[in-house]
Amino acid sequence: MREWETLLLMATFLAYAGATLLFSIRYWMISNRLVAAGIAATGMAYAFHSGLLLYRSLAAGRLPLSSLYEFTLVFAWATVLVFLFCSVRYRLLAAAPLVLAVTTILIGSASMMPRDIRPLMPALRSVWLQIHVLTGLLAYGALAVSAALALVYISGVEEKNAPEGAAGRGKTDWSLQYWRIPGRDDLEKYIHRLIVFGFIFLSLLIVTGAVWAEETWGRWWGWDPKEAWALVTWLIYLVYLHGRKRFGWQGQAAAWFSAVGFLAVIFTLFGVTYLLAGLHSYK
Amino acid sequence: MVGVFASLSVILAVVLFGSLVPQGMPAEIYLERYGELAGRLFLTLGMDDIFRTRGFALIGIVLFMQMAVCTWRRLRLLRSGVRLWIAGSVMLHVGLMIFMASVGISLWWGRTVMVEAPEGKSISMAGQGFPFDLRLEKFSIEYYADQRSVQQYRSEISLLQGDKVLKRGSLEVNEPLEFQSIKIFQMSYGWLAEGTVRRLPDGVPESFSVHSGDWVPWSGSQGDQLRVAVMSDPDKIGATGTAAAFMLVPAAGARRTGVVMAGEKAVSGNVEIRFERLRRYSGLQFKEDPGVAGIFGGLVLALCGLVLRYTTPERV
(Lines give C-alpha, C1' and ligand atoms only; values in the text may rest on other atoms or scores of the structure.)
Protein backbone atom coordinates (compact mmCIF):
# COMPACT_ATOMS: atom_id res chain seq x y z
CA MET A 1 0.00 0.00 0.00
CA ARG A 2 2.96 2.31 0.58
CA GLU A 3 3.51 2.38 -3.18
CA TRP A 4 0.31 4.38 -3.53
CA GLU A 5 1.79 7.08 -1.37
CA THR A 6 4.96 7.17 -3.48
CA LEU A 7 2.91 7.30 -6.68
CA LEU A 8 0.71 10.11 -5.40
CA LEU A 9 3.77 12.01 -4.20
CA MET A 10 5.48 11.70 -7.58
CA ALA A 11 2.29 12.61 -9.47
CA THR A 12 1.83 15.67 -7.25
CA PHE A 13 5.42 16.75 -7.79
CA LEU A 14 5.29 16.31 -11.56
CA ALA A 15 1.94 18.04 -11.93
CA TYR A 16 3.09 21.05 -9.88
CA ALA A 17 6.36 21.17 -11.83
CA GLY A 18 4.40 21.06 -15.09
CA ALA A 19 2.06 23.82 -13.96
CA THR A 20 5.04 25.95 -12.91
CA LEU A 21 6.59 25.49 -16.34
CA LEU A 22 3.38 26.32 -18.21
CA PHE A 23 2.72 29.45 -16.18
CA SER A 24 6.37 30.52 -16.50
CA ILE A 25 6.21 30.28 -20.29
CA ARG A 26 3.07 32.38 -20.16
CA TYR A 27 5.22 35.29 -18.99
CA TRP A 28 6.82 35.41 -22.42
CA MET A 29 4.03 34.19 -24.59
CA ILE A 30 0.45 35.40 -24.50
CA SER A 31 -1.69 32.34 -24.94
CA ASN A 32 -5.03 31.24 -23.60
CA ARG A 33 -4.04 27.65 -24.10
CA LEU A 34 -1.02 27.99 -21.83
CA VAL A 35 -3.12 29.47 -19.04
CA ALA A 36 -5.80 26.82 -19.53
CA ALA A 37 -3.18 24.07 -19.46
CA GLY A 38 -1.56 25.65 -16.39
CA ILE A 39 -4.89 25.79 -14.58
CA ALA A 40 -5.63 22.18 -15.51
CA ALA A 41 -2.19 21.06 -14.31
CA THR A 42 -2.61 23.00 -11.06
CA GLY A 43 -6.05 21.48 -10.51
CA MET A 44 -4.67 18.02 -11.19
CA ALA A 45 -1.71 18.62 -8.86
CA TYR A 46 -4.00 19.85 -6.11
CA ALA A 47 -6.25 16.83 -6.52
CA PHE A 48 -3.23 14.48 -6.26
CA HIS A 49 -1.94 16.51 -3.32
CA SER A 50 -5.27 16.31 -1.51
CA GLY A 51 -5.47 12.59 -2.29
CA LEU A 52 -1.99 12.11 -0.85
CA LEU A 53 -2.97 13.85 2.39
CA LEU A 54 -6.20 11.87 2.58
CA TYR A 55 -4.31 8.62 2.03
CA ARG A 56 -1.78 9.55 4.69
CA SER A 57 -4.55 10.48 7.15
CA LEU A 58 -6.33 7.16 6.62
CA ALA A 59 -3.11 5.17 6.88
CA ALA A 60 -2.04 6.92 10.09
CA GLY A 61 -5.52 7.15 11.59
CA ARG A 62 -5.01 10.83 12.37
CA LEU A 63 -4.38 14.16 10.65
CA PRO A 64 -0.92 14.25 9.04
CA LEU A 65 0.58 16.92 11.27
CA SER A 66 3.20 15.26 13.40
CA SER A 67 6.43 14.86 11.40
CA LEU A 68 8.38 17.26 9.23
CA TYR A 69 7.40 15.24 6.13
CA GLU A 70 3.73 15.55 6.99
CA PHE A 71 3.96 19.19 7.94
CA THR A 72 5.83 20.05 4.72
CA LEU A 73 3.09 18.42 2.66
CA VAL A 74 0.34 20.21 4.54
CA PHE A 75 2.24 23.52 4.46
CA ALA A 76 2.50 23.25 0.64
CA TRP A 77 -1.18 22.34 0.45
CA ALA A 78 -2.20 25.37 2.57
CA THR A 79 0.01 27.66 0.47
CA VAL A 80 -1.75 26.54 -2.72
CA LEU A 81 -5.13 26.89 -0.99
CA VAL A 82 -4.40 30.52 -0.05
CA PHE A 83 -3.07 31.13 -3.56
CA LEU A 84 -6.17 29.64 -5.21
CA PHE A 85 -8.36 31.81 -3.00
CA CYS A 86 -6.36 34.90 -4.01
CA SER A 87 -6.48 33.89 -7.68
CA VAL A 88 -10.24 33.70 -7.64
CA ARG A 89 -10.85 36.64 -5.31
CA TYR A 90 -8.21 39.06 -6.59
CA ARG A 91 -7.36 37.46 -9.96
CA LEU A 92 -3.71 37.02 -9.10
CA LEU A 93 -2.95 34.05 -11.31
CA ALA A 94 0.13 35.87 -12.55
CA ALA A 95 1.88 34.99 -9.27
CA ALA A 96 1.41 31.31 -10.09
CA PRO A 97 4.98 30.56 -11.32
CA LEU A 98 6.52 31.69 -8.01
CA VAL A 99 3.94 30.11 -5.70
CA LEU A 100 3.95 26.86 -7.62
CA ALA A 101 7.76 26.83 -7.81
CA VAL A 102 7.91 27.10 -4.00
CA THR A 103 5.27 24.37 -3.74
CA THR A 104 7.20 22.12 -6.13
CA ILE A 105 10.38 22.61 -4.09
CA LEU A 106 8.48 21.80 -0.88
CA ILE A 107 7.02 18.61 -2.37
CA GLY A 108 10.43 17.66 -3.74
CA SER A 109 12.00 18.22 -0.31
CA ALA A 110 9.26 16.19 1.35
CA SER A 111 9.98 13.28 -0.99
CA MET A 112 13.49 13.09 0.50
CA MET A 113 12.31 13.01 4.12
CA PRO A 114 11.57 9.88 6.17
CA ARG A 115 7.99 8.82 5.47
CA ASP A 116 7.42 6.11 8.03
CA ILE A 117 4.20 6.50 9.98
CA ARG A 118 4.97 6.71 13.67
CA PRO A 119 2.44 6.73 16.48
CA LEU A 120 2.07 10.02 18.29
CA MET A 121 4.46 10.46 21.19
CA PRO A 122 2.79 11.40 24.49
CA ALA A 123 3.63 15.12 24.20
CA LEU A 124 1.82 15.31 20.84
CA ARG A 125 -1.33 13.57 22.07
CA SER A 126 -3.30 16.76 22.58
CA VAL A 127 -6.07 18.66 20.86
CA TRP A 128 -3.64 21.58 20.80
CA LEU A 129 -1.61 19.78 18.13
CA GLN A 130 -4.38 20.29 15.57
CA ILE A 131 -5.16 23.86 16.67
CA HIS A 132 -1.52 24.92 16.85
CA VAL A 133 -0.48 23.42 13.53
CA LEU A 134 -3.57 24.53 11.61
CA THR A 135 -3.09 28.16 12.69
CA GLY A 136 0.53 27.80 11.57
CA LEU A 137 -0.55 26.52 8.17
CA LEU A 138 -2.83 29.47 7.52
CA ALA A 139 -0.13 31.89 8.71
CA TYR A 140 2.65 30.34 6.65
CA GLY A 141 0.43 29.85 3.59
CA ALA A 142 -0.54 33.53 3.55
CA LEU A 143 3.03 34.68 4.17
CA ALA A 144 4.30 32.42 1.37
CA VAL A 145 1.85 33.93 -1.13
CA SER A 146 2.66 37.45 0.07
CA ALA A 147 6.37 36.69 -0.49
CA ALA A 148 5.61 35.47 -4.03
CA LEU A 149 3.70 38.68 -4.76
CA ALA A 150 6.56 40.63 -3.20
CA LEU A 151 9.02 39.05 -5.62
CA VAL A 152 6.72 39.99 -8.51
CA TYR A 153 6.73 43.53 -7.13
CA ILE A 154 10.51 43.67 -6.63
CA SER A 155 11.21 42.21 -10.08
CA GLY A 156 9.17 45.02 -11.63
CA VAL A 157 7.59 42.59 -14.11
CA GLU A 158 4.69 44.09 -15.99
CA GLU A 159 2.13 42.39 -18.12
CA LYS A 160 2.92 42.47 -21.83
CA ASN A 161 0.37 44.39 -23.75
CA ALA A 162 -2.35 42.13 -24.89
CA PRO A 163 -3.12 42.21 -28.61
CA GLU A 164 -5.11 45.26 -29.43
CA GLY A 165 -8.74 44.77 -28.64
CA ALA A 166 -8.00 41.47 -26.94
CA ALA A 167 -10.11 42.27 -23.92
CA GLY A 168 -13.12 42.86 -26.08
CA ARG A 169 -12.85 39.73 -28.18
CA GLY A 170 -15.04 37.67 -25.95
CA LYS A 171 -14.26 34.16 -24.86
CA THR A 172 -11.00 33.72 -26.79
CA ASP A 173 -9.25 36.03 -24.34
CA TRP A 174 -10.89 34.83 -21.15
CA SER A 175 -7.50 34.16 -19.54
CA LEU A 176 -6.81 37.88 -19.40
CA GLN A 177 -9.59 38.02 -16.84
CA TYR A 178 -7.53 36.02 -14.37
CA TRP A 179 -4.04 36.43 -15.70
CA ARG A 180 -3.05 39.93 -14.85
CA ILE A 181 -0.30 41.60 -12.95
CA PRO A 182 -2.00 44.23 -10.86
CA GLY A 183 -0.81 47.80 -10.80
CA ARG A 184 1.96 48.38 -8.29
CA ASP A 185 -0.35 50.07 -5.79
CA ASP A 186 -2.78 47.16 -5.91
CA LEU A 187 0.03 44.65 -5.66
CA GLU A 188 1.37 46.40 -2.57
CA LYS A 189 -2.13 46.41 -1.09
CA TYR A 190 -2.48 42.65 -1.58
CA ILE A 191 0.96 42.03 -0.08
CA HIS A 192 -0.05 44.08 2.98
CA ARG A 193 -3.39 42.28 3.36
CA LEU A 194 -1.74 38.90 3.19
CA ILE A 195 0.89 39.95 5.72
CA VAL A 196 -1.83 41.19 8.09
CA PHE A 197 -3.75 37.92 7.68
CA GLY A 198 -0.55 35.91 8.17
CA PHE A 199 0.49 38.03 11.15
CA ILE A 200 -2.82 37.47 12.95
CA PHE A 201 -2.49 33.71 12.51
CA LEU A 202 1.21 33.82 13.36
CA SER A 203 0.25 35.50 16.65
CA LEU A 204 -2.38 32.83 17.20
CA LEU A 205 0.23 30.18 16.40
CA ILE A 206 2.54 31.52 19.11
CA VAL A 207 -0.24 31.87 21.69
CA THR A 208 -1.66 28.38 21.09
CA GLY A 209 1.89 27.02 21.27
CA ALA A 210 2.38 28.76 24.62
CA VAL A 211 -0.87 27.33 26.02
CA TRP A 212 0.09 23.84 24.85
CA ALA A 213 3.66 24.12 26.21
CA GLU A 214 2.25 25.17 29.58
CA GLU A 215 0.10 22.04 29.68
CA THR A 216 2.82 19.70 28.46
CA TRP A 217 6.10 21.00 29.79
CA GLY A 218 4.85 23.19 32.62
CA ARG A 219 6.25 26.32 31.04
CA TRP A 220 4.64 28.53 28.44
CA TRP A 221 7.93 29.74 27.00
CA GLY A 222 11.41 28.28 27.17
CA TRP A 223 13.52 30.00 24.49
CA ASP A 224 13.66 26.74 22.57
CA PRO A 225 15.15 27.51 19.09
CA LYS A 226 11.78 26.96 17.37
CA GLU A 227 10.08 29.30 19.83
CA ALA A 228 12.83 31.89 19.46
CA TRP A 229 12.60 31.79 15.67
CA ALA A 230 8.80 31.97 15.70
CA LEU A 231 9.33 35.14 17.75
CA VAL A 232 11.98 36.39 15.29
CA THR A 233 9.51 35.92 12.42
CA TRP A 234 6.76 37.63 14.39
CA LEU A 235 9.05 40.56 15.25
CA ILE A 236 10.10 41.02 11.60
CA TYR A 237 6.47 41.39 10.52
CA LEU A 238 5.70 43.52 13.59
CA VAL A 239 8.55 45.89 12.70
CA TYR A 240 7.11 46.08 9.17
CA LEU A 241 3.61 46.87 10.44
CA HIS A 242 4.96 49.57 12.75
CA GLY A 243 7.20 50.92 9.99
CA ARG A 244 4.29 51.11 7.59
CA LYS A 245 2.26 53.05 10.13
CA ARG A 246 5.03 55.33 11.36
CA PHE A 247 7.30 55.77 8.37
CA GLY A 248 4.91 54.96 5.58
CA TRP A 249 6.89 51.91 4.50
CA GLN A 250 5.13 50.84 1.36
CA GLY A 251 6.18 49.64 -2.05
CA GLN A 252 9.72 48.25 -2.11
CA ALA A 253 10.11 48.31 1.69
CA ALA A 254 6.95 46.26 2.19
CA ALA A 255 8.00 43.86 -0.54
CA TRP A 256 11.45 43.36 0.96
CA PHE A 257 10.03 42.82 4.44
CA SER A 258 7.68 40.23 3.01
CA ALA A 259 10.52 38.40 1.28
CA VAL A 260 12.86 38.52 4.30
CA GLY A 261 10.02 37.55 6.63
CA PHE A 262 9.31 34.50 4.51
CA LEU A 263 12.98 33.49 4.65
CA ALA A 264 12.61 33.59 8.45
CA VAL A 265 9.50 31.37 8.11
CA ILE A 266 11.46 28.86 6.04
CA PHE A 267 14.35 28.91 8.50
CA THR A 268 11.94 28.42 11.41
CA LEU A 269 10.47 25.39 9.68
CA PHE A 270 13.53 23.69 8.22
CA GLY A 271 16.68 25.48 9.39
CA VAL A 272 15.82 25.22 13.06
CA THR A 273 14.73 21.60 12.72
CA TYR A 274 17.98 20.52 11.09
CA LEU A 275 20.52 22.97 12.49
CA LEU A 276 19.37 23.94 15.98
CA ALA A 277 18.38 21.04 18.23
CA GLY A 278 15.50 21.59 20.60
CA LEU A 279 12.23 20.26 21.95
CA HIS A 280 10.48 20.92 18.64
CA SER A 281 12.81 18.82 16.47
CA TYR A 282 10.14 16.44 15.17
CA LYS A 283 11.81 15.09 12.02
CA MET B 1 6.85 55.43 17.93
CA VAL B 2 10.50 55.74 16.91
CA GLY B 3 11.44 54.51 20.39
CA VAL B 4 9.14 51.49 20.07
CA PHE B 5 10.69 50.75 16.72
CA ALA B 6 14.18 50.90 18.26
CA SER B 7 13.17 48.65 21.19
CA LEU B 8 11.63 46.07 18.85
CA SER B 9 14.76 46.10 16.72
CA VAL B 10 16.98 45.55 19.78
CA ILE B 11 14.76 42.69 21.00
CA LEU B 12 14.88 41.17 17.52
CA ALA B 13 18.69 41.36 17.53
CA VAL B 14 18.93 39.83 21.02
CA VAL B 15 16.55 36.97 20.15
CA LEU B 16 18.51 36.27 16.96
CA PHE B 17 21.75 36.22 18.94
CA GLY B 18 20.31 34.02 21.68
CA SER B 19 18.89 31.52 19.22
CA LEU B 20 22.08 31.17 17.17
CA VAL B 21 24.71 31.25 19.93
CA PRO B 22 24.32 28.28 22.31
CA GLN B 23 23.03 29.40 25.70
CA GLY B 24 23.44 28.02 29.20
CA MET B 25 26.52 25.90 28.56
CA PRO B 26 29.38 25.44 31.04
CA ALA B 27 31.79 28.41 31.19
CA GLU B 28 34.74 26.28 30.02
CA ILE B 29 33.10 25.71 26.65
CA TYR B 30 32.83 29.44 25.96
CA LEU B 31 36.43 30.00 27.10
CA GLU B 32 37.63 27.24 24.82
CA ARG B 33 35.55 28.41 21.88
CA TYR B 34 36.21 32.17 22.06
CA GLY B 35 39.57 32.28 23.83
CA GLU B 36 40.40 33.52 27.32
CA LEU B 37 39.87 37.27 26.82
CA ALA B 38 36.79 37.20 24.56
CA GLY B 39 35.36 34.27 26.52
CA ARG B 40 35.66 36.14 29.84
CA LEU B 41 34.04 39.23 28.30
CA PHE B 42 31.28 37.02 26.88
CA LEU B 43 30.59 35.54 30.31
CA THR B 44 30.86 38.86 32.16
CA LEU B 45 28.25 40.40 29.88
CA GLY B 46 25.97 37.43 30.52
CA MET B 47 25.86 36.52 26.84
CA ASP B 48 25.84 32.83 27.79
CA ASP B 49 22.38 33.36 29.27
CA ILE B 50 21.28 36.47 27.46
CA PHE B 51 17.54 36.10 28.03
CA ARG B 52 18.09 36.35 31.79
CA THR B 53 20.34 39.38 31.78
CA ARG B 54 19.29 42.64 33.40
CA GLY B 55 19.85 44.36 30.08
CA PHE B 56 17.23 42.22 28.38
CA ALA B 57 14.80 42.83 31.25
CA LEU B 58 15.51 46.55 30.95
CA ILE B 59 14.55 46.53 27.26
CA GLY B 60 11.28 44.88 28.28
CA ILE B 61 10.62 47.57 30.88
CA VAL B 62 11.40 50.33 28.37
CA LEU B 63 9.04 48.72 25.84
CA PHE B 64 6.35 48.49 28.51
CA MET B 65 6.66 52.22 29.23
CA GLN B 66 6.62 53.08 25.54
CA MET B 67 3.44 51.05 25.10
CA ALA B 68 1.88 52.82 28.09
CA VAL B 69 2.54 56.18 26.40
CA CYS B 70 1.16 54.91 23.06
CA THR B 71 -1.94 53.60 24.80
CA TRP B 72 -2.50 56.89 26.58
CA ARG B 73 -2.34 58.74 23.25
CA ARG B 74 -4.82 56.35 21.66
CA LEU B 75 -7.19 56.67 24.60
CA ARG B 76 -7.19 60.42 24.07
CA LEU B 77 -8.12 59.84 20.44
CA LEU B 78 -11.09 57.77 21.62
CA ARG B 79 -12.50 60.76 23.50
CA SER B 80 -13.70 62.25 20.25
CA GLY B 81 -15.75 59.13 19.52
CA VAL B 82 -15.29 55.38 19.59
CA ARG B 83 -13.61 54.09 16.48
CA LEU B 84 -13.20 50.36 16.32
CA TRP B 85 -9.68 50.31 14.92
CA ILE B 86 -8.44 52.61 17.69
CA ALA B 87 -10.29 50.54 20.30
CA GLY B 88 -8.62 47.46 18.80
CA SER B 89 -5.25 49.14 19.00
CA VAL B 90 -5.85 50.04 22.66
CA MET B 91 -6.91 46.47 23.44
CA LEU B 92 -3.83 45.15 21.68
CA HIS B 93 -1.47 47.37 23.65
CA VAL B 94 -3.23 46.94 26.99
CA GLY B 95 -3.24 43.16 26.44
CA LEU B 96 0.49 43.17 25.76
CA MET B 97 1.10 45.33 28.85
CA ILE B 98 -0.92 42.92 31.03
CA PHE B 99 1.10 40.10 29.50
CA MET B 100 4.42 41.80 30.26
CA ALA B 101 3.43 42.73 33.81
CA SER B 102 2.32 39.13 34.38
CA VAL B 103 5.65 37.85 33.07
CA GLY B 104 7.26 40.01 35.76
CA ILE B 105 4.93 38.53 38.41
CA SER B 106 5.70 35.07 37.15
CA LEU B 107 9.46 35.61 37.28
CA TRP B 108 9.32 37.24 40.73
CA TRP B 109 6.74 35.12 42.56
CA GLY B 110 6.46 31.97 40.49
CA ARG B 111 8.42 28.87 41.43
CA THR B 112 9.15 25.54 39.86
CA VAL B 113 10.54 22.53 41.69
CA MET B 114 11.66 19.26 40.11
CA VAL B 115 11.28 16.09 42.16
CA GLU B 116 12.30 12.51 41.44
CA ALA B 117 9.76 10.51 43.38
CA PRO B 118 10.65 6.83 43.96
CA GLU B 119 7.75 4.41 43.57
CA GLY B 120 6.16 3.37 46.86
CA LYS B 121 8.06 5.90 48.97
CA SER B 122 7.01 9.17 50.56
CA ILE B 123 9.14 12.23 50.20
CA SER B 124 8.90 15.42 52.18
CA MET B 125 8.02 18.55 50.24
CA ALA B 126 8.07 20.85 53.28
CA GLY B 127 11.70 21.71 52.63
CA GLN B 128 10.63 23.01 49.22
CA GLY B 129 7.95 25.17 50.81
CA PHE B 130 4.93 23.04 49.86
CA PRO B 131 2.29 22.25 52.50
CA PHE B 132 2.26 18.49 51.87
CA ASP B 133 4.36 15.39 51.39
CA LEU B 134 4.30 13.32 48.24
CA ARG B 135 4.02 9.61 47.70
CA LEU B 136 4.29 8.03 44.27
CA GLU B 137 1.89 5.11 44.40
CA LYS B 138 2.60 3.82 40.92
CA PHE B 139 4.28 4.82 37.72
CA SER B 140 3.25 3.15 34.48
CA ILE B 141 4.02 3.33 30.79
CA GLU B 142 1.38 2.55 28.19
CA TYR B 143 2.48 1.30 24.80
CA TYR B 144 0.83 1.27 21.41
CA ALA B 145 -0.05 -2.03 19.79
CA ASP B 146 3.49 -2.40 18.42
CA GLN B 147 4.67 -2.75 22.07
CA ARG B 148 7.61 -0.43 21.35
CA SER B 149 6.21 3.07 20.94
CA VAL B 150 5.19 4.82 24.13
CA GLN B 151 1.61 6.06 24.20
CA GLN B 152 1.55 7.62 27.63
CA TYR B 153 3.47 8.04 30.91
CA ARG B 154 1.30 8.08 34.00
CA SER B 155 1.99 8.68 37.69
CA GLU B 156 -0.49 7.91 40.44
CA ILE B 157 0.32 10.03 43.43
CA SER B 158 -0.96 10.94 46.89
CA LEU B 159 -0.46 14.29 48.53
CA LEU B 160 -0.22 13.78 52.27
CA GLN B 161 -0.33 15.84 55.42
CA GLY B 162 0.85 13.54 58.17
CA ASP B 163 -1.35 10.46 57.82
CA LYS B 164 -4.12 12.36 56.08
CA VAL B 165 -4.46 12.04 52.32
CA LEU B 166 -5.15 15.51 50.94
CA LYS B 167 -5.51 14.39 47.37
CA ARG B 168 -5.03 11.22 45.40
CA GLY B 169 -4.98 11.28 41.65
CA SER B 170 -3.09 10.50 38.49
CA LEU B 171 -1.29 12.73 36.08
CA GLU B 172 0.15 12.16 32.64
CA VAL B 173 1.84 14.07 29.84
CA ASN B 174 -0.54 16.85 28.74
CA GLU B 175 -2.77 16.18 31.77
CA PRO B 176 -1.20 17.81 34.84
CA LEU B 177 -2.74 17.38 38.28
CA GLU B 178 -3.93 20.50 40.03
CA PHE B 179 -4.07 20.97 43.78
CA GLN B 180 -5.01 24.39 45.14
CA SER B 181 -2.77 26.75 43.16
CA ILE B 182 -0.11 24.13 42.45
CA LYS B 183 0.16 22.18 39.21
CA ILE B 184 2.08 18.93 39.00
CA PHE B 185 3.48 17.84 35.65
CA GLN B 186 4.79 14.52 34.36
CA MET B 187 8.31 15.29 33.13
CA SER B 188 10.51 12.20 33.10
CA TYR B 189 11.08 8.79 34.58
CA GLY B 190 13.90 6.40 35.26
CA TRP B 191 15.38 3.82 37.57
CA LEU B 192 17.33 4.14 40.77
CA ALA B 193 19.83 1.51 41.90
CA GLU B 194 19.39 0.90 45.63
CA GLY B 195 21.70 -0.92 47.98
CA THR B 196 24.20 -0.55 50.78
CA VAL B 197 27.92 -0.14 50.99
CA ARG B 198 30.20 -0.73 53.99
CA ARG B 199 33.83 -1.09 54.82
CA LEU B 200 34.90 -4.48 56.10
CA PRO B 201 35.23 -5.89 58.62
CA ASP B 202 33.07 -3.79 60.96
CA GLY B 203 31.85 -0.73 59.02
CA VAL B 204 28.21 0.29 59.31
CA PRO B 205 26.21 -0.31 56.10
CA GLU B 206 25.17 2.92 54.39
CA SER B 207 22.17 2.96 52.07
CA PHE B 208 22.41 4.45 48.61
CA SER B 209 19.91 5.23 45.92
CA VAL B 210 21.48 6.57 42.73
CA HIS B 211 20.86 6.85 39.02
CA SER B 212 22.58 4.26 36.91
CA GLY B 213 26.15 5.40 36.30
CA ASP B 214 26.26 7.89 39.18
CA TRP B 215 28.84 8.06 41.95
CA VAL B 216 27.61 6.77 45.32
CA PRO B 217 27.68 9.34 48.12
CA TRP B 218 29.39 7.50 50.97
CA SER B 219 30.49 9.09 54.25
CA GLY B 220 32.80 6.21 55.14
CA SER B 221 34.59 6.22 51.82
CA GLN B 222 38.01 7.32 53.14
CA GLY B 223 38.73 8.72 49.72
CA ASP B 224 37.53 5.66 47.80
CA GLN B 225 34.97 6.36 45.09
CA LEU B 226 32.21 3.97 44.08
CA ARG B 227 30.15 4.07 40.92
CA VAL B 228 27.17 1.82 40.13
CA ALA B 229 25.61 1.18 36.72
CA VAL B 230 22.69 -1.06 35.76
CA MET B 231 23.73 -3.58 33.12
CA SER B 232 20.48 -4.00 31.21
CA ASP B 233 17.44 -1.93 30.30
CA PRO B 234 14.82 -2.75 32.94
CA ASP B 235 12.09 -1.28 30.72
CA LYS B 236 12.75 -4.09 28.28
CA ILE B 237 13.59 -7.06 30.48
CA GLY B 238 11.99 -6.06 33.78
CA ALA B 239 13.51 -5.03 37.09
CA THR B 240 13.92 -8.50 38.54
CA GLY B 241 17.04 -10.52 37.90
CA THR B 242 18.96 -7.38 37.03
CA ALA B 243 22.68 -7.09 37.49
CA ALA B 244 24.67 -4.00 38.34
CA ALA B 245 28.25 -3.29 37.46
CA PHE B 246 30.33 -1.40 39.98
CA MET B 247 33.60 0.38 39.76
CA LEU B 248 35.62 1.11 42.86
CA VAL B 249 38.32 3.74 42.54
CA PRO B 250 40.44 3.50 45.68
CA ALA B 251 42.27 6.53 47.06
CA ALA B 252 45.44 4.58 46.38
CA GLY B 253 45.92 1.67 44.05
CA ALA B 254 44.29 0.43 40.90
CA ARG B 255 40.58 0.66 40.20
CA ARG B 256 38.52 -2.49 40.54
CA THR B 257 35.35 -3.54 38.77
CA GLY B 258 32.79 -6.26 39.28
CA VAL B 259 29.23 -7.39 38.77
CA VAL B 260 26.59 -8.07 41.40
CA MET B 261 23.11 -9.51 40.96
CA ALA B 262 20.04 -7.87 42.51
CA GLY B 263 19.58 -9.10 46.09
CA GLU B 264 23.18 -10.21 46.39
CA LYS B 265 26.43 -8.74 47.62
CA ALA B 266 29.95 -8.52 46.30
CA VAL B 267 33.22 -7.81 48.05
CA SER B 268 35.98 -5.82 46.46
CA GLY B 269 39.05 -5.38 48.60
CA ASN B 270 37.74 -4.33 51.97
CA VAL B 271 34.50 -2.88 50.60
CA GLU B 272 31.23 -4.78 50.60
CA ILE B 273 28.61 -3.70 48.09
CA ARG B 274 25.06 -5.00 48.34
CA PHE B 275 22.78 -4.31 45.38
CA GLU B 276 19.27 -4.56 46.74
CA ARG B 277 17.02 -3.71 43.86
CA LEU B 278 16.03 -1.30 41.14
CA ARG B 279 13.28 1.13 41.96
CA ARG B 280 11.33 3.14 39.42
CA TYR B 281 11.07 6.88 39.90
CA SER B 282 8.91 9.48 38.26
CA GLY B 283 10.25 12.95 37.49
CA LEU B 284 7.57 15.42 38.54
CA GLN B 285 7.52 19.16 38.26
CA PHE B 286 5.70 21.22 40.86
CA LYS B 287 4.75 24.65 39.67
CA GLU B 288 3.08 27.53 41.42
CA ASP B 289 2.79 30.61 39.25
CA PRO B 290 0.48 33.51 40.08
CA GLY B 291 1.37 35.16 36.75
CA VAL B 292 0.05 32.53 34.33
CA ALA B 293 -3.59 33.71 34.32
CA GLY B 294 -2.45 37.26 33.51
CA ILE B 295 -0.07 36.01 30.83
CA PHE B 296 -2.78 34.15 28.92
CA GLY B 297 -5.48 36.71 29.70
CA GLY B 298 -3.23 39.45 28.33
CA LEU B 299 -2.43 37.45 25.21
CA VAL B 300 -6.09 36.73 24.49
CA LEU B 301 -6.96 40.42 24.92
CA ALA B 302 -4.07 41.37 22.64
CA LEU B 303 -5.24 38.87 20.00
CA CYS B 304 -8.79 40.26 20.09
CA GLY B 305 -7.35 43.75 19.76
CA LEU B 306 -5.15 42.68 16.86
CA VAL B 307 -8.13 41.27 14.95
CA LEU B 308 -10.22 44.38 15.64
CA ARG B 309 -7.33 46.68 14.74
CA TYR B 310 -6.75 45.17 11.32
CA THR B 311 -10.21 44.06 10.25
CA THR B 312 -12.05 47.30 10.72
CA PRO B 313 -11.66 50.27 8.37
CA GLU B 314 -9.16 52.88 9.51
CA ARG B 315 -10.55 56.37 9.34
CA VAL B 316 -9.06 59.43 11.00
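Predicted model: local features only at pLDDT ≥ 70, side-chain atom pairs only at ≥ 80, totals over all residues.
1. Taken over C-alpha atoms, the centres of domain 1 of chain B and domain 2 of chain B are 40 Å apart. The domain assignment puts residues 2-111 + 293-311 in domain 1 and residues 112-288 in domain 2. So when you trace domain 1 by eye, remember that its assignment comes in two stretches of sequence, 2-111 and 293-311.

2. Now zoom in on strand 9 of chain B, residues 225-230. Which way do its side chains point? They alternate.

3. Over to chain A, which has nine helices and zero strands. Its pattern along the sequence is simply α-α-α-α-α-α-α-α-α. Of the 283 residues in chain A, 46% are buried. Take the contacts in chain A between residues at least 6 apart in sequence: 80% of them join residues at least 24 apart.

4. Next, the nonpolar cores. The largest one has 104 residues, and those with the most contacts inside it are A:A95, A:V99, A:L143, A:V145, A:A148, A:L149 and A:I191. Which element gives this core its largest share? Helix 7 of chain A (residues 184-216) does, with 16 residues. Another core lies apart from this one; it has 34 residues, including B:F139, B:L248, B:V260 and B:I273.

5. A:L143 is worth a click, being on that list of residues with the most contacts inside the largest core. Ignore its neighbours within four places in sequence, and A:L143 is in contact with A:I195, A:G198, A:G261, A:F262 and A:V265.

6. Finally, how do the chains meet? The contact takes 34 residues from chain B and 32 residues from chain A. On the chain B side, the elements giving two or more residues are helix 1 (2-20), strand 4 (150-161), strand 7 (182-199), strand 13 (271-288) and helix 7 (292-311). Helix 1 of chain B gives the most, with ten residues. As for the kinds of residue, the side of chain B that touches chain A has 23 nonpolar, nine polar and two charged.

Methods:
Residues numbered from 1 in each chain as written. Chains lettered and ligands numbered in written order. Core = buried A, V, L, I, M, F, W, Y, C linked by C-beta atoms within 7 Å. Buried ≥ 20, exposed ≤ 12 C-beta atoms within 10 Å, placed from the backbone. Helix = DSSP H or I, 4+ residues; strand = E, 2+ residues; numbered from the N terminus. Contact = placed C-beta atoms within 7 Å. Nonpolar A, V, L, I, M, F, W, Y, C, P; charged D, E, K, R; others polar.
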